Structure formats: structure tokens, C-alpha cells
Amino acid sequence: MSNQLSRRRFLRITGAGAGVAAAAGTLGSLPLLRAGRGPAEKGIRTVPTFCDICFWKCNAIATVRDGVLWKIEGNPDDPLSSGRLCPRGTGGVGAHFDPDRLRRPLLRASVRGEERWTEVTWDEALSHVAEKLRQIEKEHGPEAVALFSHGIGGTFLKHTLKAYGITNAAAPSFAQCRGPRDVGFELTFGEGVGSPERTDIRNARCLVLLGSHLGENMHNTQVQEFAEAVGSGATIIVADPRFSVAASKAKHYLPIRPGTDLALLLAWMNVLVREGLYDKDYVSAHGFGFEAFAAEITPFTPEWAWPETGIEPDVVRETAREMARYRPATLVHPGRHATWYGDDTQRSRAIALLNALLGSWGRKGGFYQPAAMDVPAYPYPPYPKSEKGKADNPGRKYPFASEAISTGIREATITGQPYPVKGWFVYATNLMQALPNEAETIRAIQNLDLLVVVDVIGSEIAGWADVVLPETTYLERYDDLNVELFREPFVALRQPVVEAPFDQKPNWWIARELALKLGLEAYYPWKTIEEYLDHRLKGAGLSLAHLQRRGLVRGGKPPVYYEEGVVPSFATPSKKIEFYSVPLKEAGFDPVPRYSRPEPGPPGSLRLLFGRAPVHSFSRTQTNPVLAQAMDENEVWVNADVARRAGLRTGDRVRLRNQDGVRSDFAVKVRATEAIRPDCVYLVHGFGHTSRMLRRAFGRGASDARLVTRYRTDPLMGGTGMNVNFVTLEPEA
Amino acid sequence: MARLGMVIDTRRCVGCMDCVVACKTENGTPEGMNRDWITSATRGRFPSLTLTLQSERCNHCDDPPCVTCCPTGASHVHDWGGVVLVTREECIGCKACLASCPYDARYVHPDGYADKCTFCIHRVEKGRDPACVSVCPTHCMHFGDLDDPESEVSRLLASRRHHSVLPEAGTRPRIFYLE
């Protein structure tokens, strides 16, 4: 039903014609759009701040020329970027100039999803939101409002809503991305790998990547260190169904059958144990349940894995021995986007255990111990207590979920269980592309009394909103401090570089004004963000003025490895590395990871895989005029033989149809290539936009999210495995 | 006199296009026009493949046909570093240089003049690297004096196998790719 609704909506959109307002100048034919301090400003000035094009938060220096934003470069003092931003950060200039960015508060003017708006004042918009919130509170209690948020900018909105009484705040980055990895490592080592990940890539002498496509996936520090490792001759081992850029740097490329990584991991561990190549001292000092683990993996030989993975036993043995040769400086990378097949926590646990066998956790060239500077939180009054608790994971159905499950909130919104959810706030995350099966998201939206989107640009989820609140970009606002947990800790400031060009407001202002309208002034003892920041910084013995000049303050270089004096400690029940997990056993799960074969798709179909491009972040940058010039549509990667048999050539346009009959909204170009297995296709995520608010990106390429109608839920923590969809290619006449 | 050139390590390059984006913001190149670009070549049969990624731009050739063919002298070799430049005011937009360049490195700016990579001479004169070099997150790009045997670029060329693009064109390009 909801799919049909979505389809009708789409047809209306395509028939609707021109967009909302006239385009402002794009980069190159600048500045129709007045920016900076206006025409009066002359000369060059620089402002230190930190980036927001992704969550890595590199420290940057922006340059303004004659009042107009010119460029953004890495801050040389920054331990994350070492003075070099990634292409997205460099292209962050375009976020300020983007003609498609939201300009004024919008109220929905017709049925949801039609994207017809009335422009209103901030007072009208926030009064409307506050009134709806009071109504929901009266009828259902404040727990009936939920927040979906991504990134540091959501801090103040979360504060306001918690003061109002919400209990449900989720980031799709848990159940749709890194959650299984974090839980798998928590179950094994007692803590996760964090963000930025505590991976010591620069000192690794052997680096193993499973589907992780560093270089296309542009997490700055990791890519810099990856290049350093490649340059210094480290052995790179890559298992990926696609010949990624990282694979092209590898000594060993393993063209693994999709969904069988756990079989490969078990076979690698089998070799290390059987041949006695693992770090016996490390395992006996820090391991728990090794004997039971070793017995459990005995049957999983390279010969056993061969028919599953397609990787020859000799290759498995050779790569396992290579890993052992360089241990403990062998890093089996935990990846980041880990929601693939629904057994993802167990796969991540196997990655953790392989690292444990190699003794890499806590060691140079493996996983270092990060540190953070002590910056006290602002002393707010306590939030109201709730009798109802959270709605995302009733009865701890997913017993090992360590954060709120976004799709659990969606489920509660659909079913009204354990209690009704009637209001959604969505901050800086395009839920229509972030959550699997958009039909369920649309069904949930039907049950809402209020859907508010706060963002810099439009999006598919903004198209469904009742109220859209336009935020200033990171280049025009203060945000909360970045107190970084890293091998070289620091505190960084984001501050305005130029003025916002229209009636956009910073998130802290939006959150505070909404709080005042809700009578929550007790939660905002500060009036300006500078006051808040200065208070926090003074608590740490620092000053706002200093950070305004320098951008960041560094906290030295604490010891980060066991060999430097870090004391090994594991927050697990056994206080050791859990090769065998009693908590998993007690909850009815495999105490040592076990492989199960992924379900095949319909005959003749190809598994749909997706990933990243270095010049875009999620589905949020496709209208950025600088980044769009670097890549303005995606392509579907099809194995050259498969394409030939289908009569398709590079550049031909096709639609993708999935196993449930859902067809991509737009035709996408074929990239017929040797660089992918014949049983799958690959799309870069974030394209195929259907929102007419995104004029530059509308209709360009295909959306993988639209085709992810099925997902397999991880029974341990509720993550949604999304690589379980299959497509056929339909040539466009 | 210096002879400026670039040495690019293809082993480190991941083809992220940061050099392309940095050039665009640094130099404000027009929509859809670029002074540098990435080429990508996949060779072999799955799964025995190689991928070569190269950041390319004007080669600032020792024998630049774009300079000899220019009817007005707008295209010229700069006194310092031998950088090939275009004097906008003297360019009549005849496109002879576009046709003569074996690297297709030039385009006609919407304002009517031939435009291309300047090795960011405005930065180099202040002692900084070109924008593409200084932004590269993989540190795969190196810039300096090819005539100075002690320079980083000369030492890299002496120590590693390398190639240039279309050496058979005979223009003696000054960008080299380490293999």
C-alpha cells in the first residue's frame, strides 16, 4: 500500500515542473549570492573551524576574500587531517553557495509528501511546533516524540527535547551502520573501536580489509595512513566482491563471494590455531575461553570455506601466515558500515577475535588506546524522569543493542507498541535513504501528528515533513565543542566564517528558541552560544578567545599502546578478551561465531551492493555545486561478461528492478567493468534523488536505498542487514 | 633558472579527486571546466587486475607547442621556473593552442581566453606548493625544481621507475608518474 503511495507521489512530483525559487549563482559565476560581511569587506582573512561534511570533524582554516568565502584548507595543527582535508572538506565551500539549500522556515501547504510549502517566519514556525508538542504531550506524554539525529549539530536539539521529556533519540549510524561492529567488539574486548576508529593503520605492517574501501570511503585520517602504509610497503590483503581502489593496492586480492566473509574469517582463525601461529603469550595472558573457541573452530578449515567463499585454500593459508608474520602489527580492519547480511555482529566478533589471535588489540600497528581531554559538560538541571522508558527495543528483544535502534522507533510508530509515537524530529539525516524499506518509513509517517525536519538542505525526508527548519551551514555557525577521543586528544571549536545568506538559523538558536516557547527556560541558563562555550572551556582551564584564534588546543601525546605502559583492561564479564562469550550463550546465541550461508536471490538476479565515493557524504552533498562538478551521478557497476551477455555497454542506461518489483525511479548509466564479480552489481550510495527541493540532484542516477525493500535484522542488536536485495537490469529504450 | 615540475606517486594515489576540487576552489574555474583531472585505467581479467590512477594537468612542456603556435604571444613560458602561462589580455581565443596540446589541457574560459593549469604560480611565488599538491591526503604529489639534483622531485626520479604521459608527442613533458 505504502509503496503505491510513494509511487503516486513520485509521479506528481515529476509532473510538477519548475522548482521553488530562482537559482543563485554557482561557483565560477559567483557571487550573485551575497555572503561574508558584505561588499564593504576588503582583503583576505582566515578563520579556523572544523568541518561538517562528514562526521570525522577535521580541523580546517577557511579563507575569505573581499567578504566572499574563497577556500577551506586543513589546519596544519590538526592531528586528524595533518593540514590536508579530503575532497569533501575541500569542497565544503559549495555547501555555503549551494543554490538548493533551504532558505526560510517552511510549513506544509498540502498533503504530506507533495512538497508544497508556505514560507513562514521563525516565530510562526516554532510556535506551531511548540503547540503541536504540547498537544502530543497532553494526549500521549512527551515520550511520544522521538528524535533522529546525525552529527554534533544535533546536541542542542537533543537537549531541548530531553528537557521536554523525550526518551527516544536514535542515530541511524547505529542500527544502519556501525552498530554491529561496535557490539561485536564490545562483546569481545569490552569496548568498541570508536570514531575516529582507534586503528593504528600508519604503523601496521599488514593491513586486512574486508569490504572496507578506504580511498573511496574518504575518512581522512584513515586514508592518509592507508597511503602511508602502502608507501612504506605494508602487506595489504583485501577481500571484496569488487576490485576496489584499496584492492588495487593489495598484495593479495581475494574476490570473495558476497555474504561469506564470516566463513573466510573462521578459516583464517582455523589456520592460525592449527598451525600454532597465533600470539600464545597474549592469548594466555588476556584470553578467556580459548580452549572452547579452538574446539569450536576446528572443523572450519580452508577446504571447508572454499565452496562458500570461492577463495582457494592455498590463498587462505598464505594470507593467514602473512598476517602471523607481522603480528602484532597486523590490523584486521573492523570496517564502519557493517550492516550487510543480518549476521553482522557475529562477523564483527570474528574480526575482533582474529585480531585477538594476532595480539593486535592495544599494540602498535593494531588498535591503540585513545584518550580525551577533560572538558566538563555544562551544568544543566536534570531531565524529567519517565515511567514509560524507551520504545525502540521493547522487552530487550535485541539484548545486546548498546544504543537506540532507529528502525525500532519506526516500528513502534507503525504499531503503536509499546506505546504510540506521534512526533518525529529529524536532524541532518535523510531517513528516506538512511533507513531500509522506505515503505515502512512512509507507513510510520502516516501515524504522526508532527514531523519536523531541521537541516541545511532539502531531502526526501524533508519532503514528507510538516515543518522544515533551515539551518545555517557549519561555515556560518558555532556548534558544541569537539572533545576528540583520539591518539592525540584535542578540543576544537567550530565558529562562523561568513554570514548565512538567507533566513537560516544555527541549531543552538533553533533549539533554545523552541525551549523558550515550551517554557523550558530553566534548561537554558545561557543566552548566547559564546556564553555556553566559554563556560565549558573555562571549566577545562581554556578560553574561548584562544580557540577562536587557533581553532583547537591539543592535549599532548599520552601513551597509547601496552608497550608504552597502557595497562590492559577489558570491561567484559570475565575481565578478559572473550574468545567464548557466556553472555551470548546465556541469551541463546552462538558463544563462538558460526557461519550460515547467505540466501541466494531469484535465478538470474544480481546482488545489490553499495558503497561510497570520495567526493560525497551520504545523500547530503549531491547538490553541492563544487562536489557535484566532481561527480554528478552514479553508475551501476556490472561485470563485463554479464553486461556483454545482456547486450549492455558502458554508458547505456538501465533501470534496476528488485526482487519485490520495485524499479529504480530513474535510469542509471552502466559501467561494464572487469572490476566486479559476475554475481553482484554495485552503486555509490546517495544518488537518484526524488525530492524536487534538490534541483541539481533530482533524477540523477539510481538510489540503492529505494531498492533496499528487504533487510535482515541482526538478532543480537537490531541492526538492519541491507545487502540482501537482488536486481535485474532493464535496458532503457 | 629553476625548471619546475611534478612527480606523482601512482602507488599512493587513490583517485579521490581532492586535487581536482582544490584546484577548482583555489582558482575559481568555471562550472564544468577543470585544470586538472583523474584518469583511471583498469587492465586484465577479473580477478587478475591492475588499476592505474593518475592526476593529470598541463605538463608545462619544455617544448610547448601551445606557445610556438600562439599568434599573439599570449601563450608564453614564464621567466621563472619555465611555467607555461597565458596572458589573458593578449589572448584572442583562437583555440590554436587547444588544438596543439597533446594533453587536451586547455579550455576556453567563458570570458573568452584560453585557460589552463598555472602550477598555481601565485602560490609558488610565495613559497607554497600548488593547491593540488598541498591538499593531497595521500601525499602522492611532489613539486619542485627538476634541474636541482638535490630537490625532492629529482631524488624521487632518480630512485624509482617512472613514466610521463604521451612522451612520443615530443613536447618533453614535466610531470612524471612513479610506478
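**Group meeting talk: a predicted two-chain model**

Let me begin inside chain A, where 12 residues of domain 1 are in contact with 10 residues of domain 4 of chain A. On the domain 1 side of that contact, the elements that give two or more residues are H2 and helix H3, residues 93-97, of chain A, and H3(A) gives the most, with four residues. Sorted by class, this side of domain 1 has eight nonpolar, three polar and one charged residues.

Let me now step back to chain A as a whole. Chain A has 25 helices and 27 strands, and its C-alpha trace spans about 70 × 65 × 55 Å along the principal axes. For a chain of 733 residues, a compact globule would have a radius of gyration near 27 Å, and chain A, with 25 Å, agrees with that. Of the 733 residues of chain A, 61% count as buried. If we take the contacts in chain A with a separation of 6 or more, residues 24 or more positions apart account for 74% of them.

One helix of chain A lets us look at burial in detail, and that is H19, residues 507-517, which is mostly covered, with eight of its 11 residues buried. Which residues of H19(A) are buried? They are A:Asn507, A:Trp508, A:Ile510, A:Ala511, A:Arg512, A:Glu513, A:Leu514 and A:Ala515. What covers these buried residues includes, from chain A, helix H4 (122-140), helix H5 (155-164), strand E14 (450-455), strand E15 (467-470) and helix H20 (529-539). Just after H19(A), A:Gly519 takes a positive phi of about 75°.

Most residues other than glycine have a negative phi, and most peptide bonds are trans. In chain A, the peptide bond from A:Ser195 to A:Pro196 is cis, with omega near -5°, and A:Pro196 is found in the loop between helix H6 (172-189) and strand E8 (206-210) of chain A. The peptide bond from A:Arg327 to A:Pro328 is likewise cis, with omega near 5°, and A:Pro328 has its place in the loop between helix H13 (313-326) and strand E12 (330-332) of chain A.

There are also positive phi values in residues other than glycine, and here I will take one from each chain. A:Ser82 has a phi near 45°, and this residue sits in the loop between strand E3 (68-74) and H2 of chain A. In chain B, the phi of B:Phe119 is near 55°, and B:Phe119 lies in the loop between strand E7 (114-115) and helix H4 (121-124) of chain B. Is each of these residues buried or exposed, or something in between? A:Ser82 counts as partly exposed because it has 18 C-beta neighbours inside 10 Å, whereas B:Phe119 is buried, with 27 other C-beta atoms within 10 Å.

Staying with chain B for a moment, strand E8 of that chain, residues 141-145, is mostly covered, since four of its five residues are buried. E8(B) pairs with strand E1 (residues 4-9) of chain B in the antiparallel sense over five bridges, and within this pairing B:Ile8 stands opposite B:Met141 in E8(B).

That leaves the contact between the two chains. How many residues does each chain bring to the contact? The contact takes 34 residues from chain A and 32 residues from chain B. On the chain A side, helix H2 (87-90), helix H7 (220-231), helix H8 (245-248) and helix H23 (625-630) each supply at least two residues, and the largest share, six residues, comes from H7(A). By class, the side of chain A that touches chain B has 18 nonpolar, 13 polar and three charged residues.

Definitions and conventions. Residues are numbered from 1 along each chain as its sequence is written. Chains are lettered from A and ligands numbered from 1 in the order in which they are written. This is a predicted model: local features need pLDDT of at least 70, side-chain atom pairs count only at pLDDT 80 or more; totals for chains, interfaces and linings use all residues. Two residues are in contact if their C-beta atoms, placed from the backbone, lie within 7 Å. Ala, Val, Leu, Ile, Met, Phe, Trp, Tyr, Cys and Pro count as nonpolar, Asp, Glu, Lys and Arg as charged, and the others, Gly among them, as polar. A residue is buried if 20 or more other C-beta atoms lie within 10 Å of its own, exposed if 12 or fewer, and partly exposed in between; C-beta atoms are placed from the backbone. Two strands pair if DSSP finds at least two bridges between them. The radius of gyration is taken over C-alpha atoms; the globule rule is 2.2 Å times the number of residues to the power 0.38.
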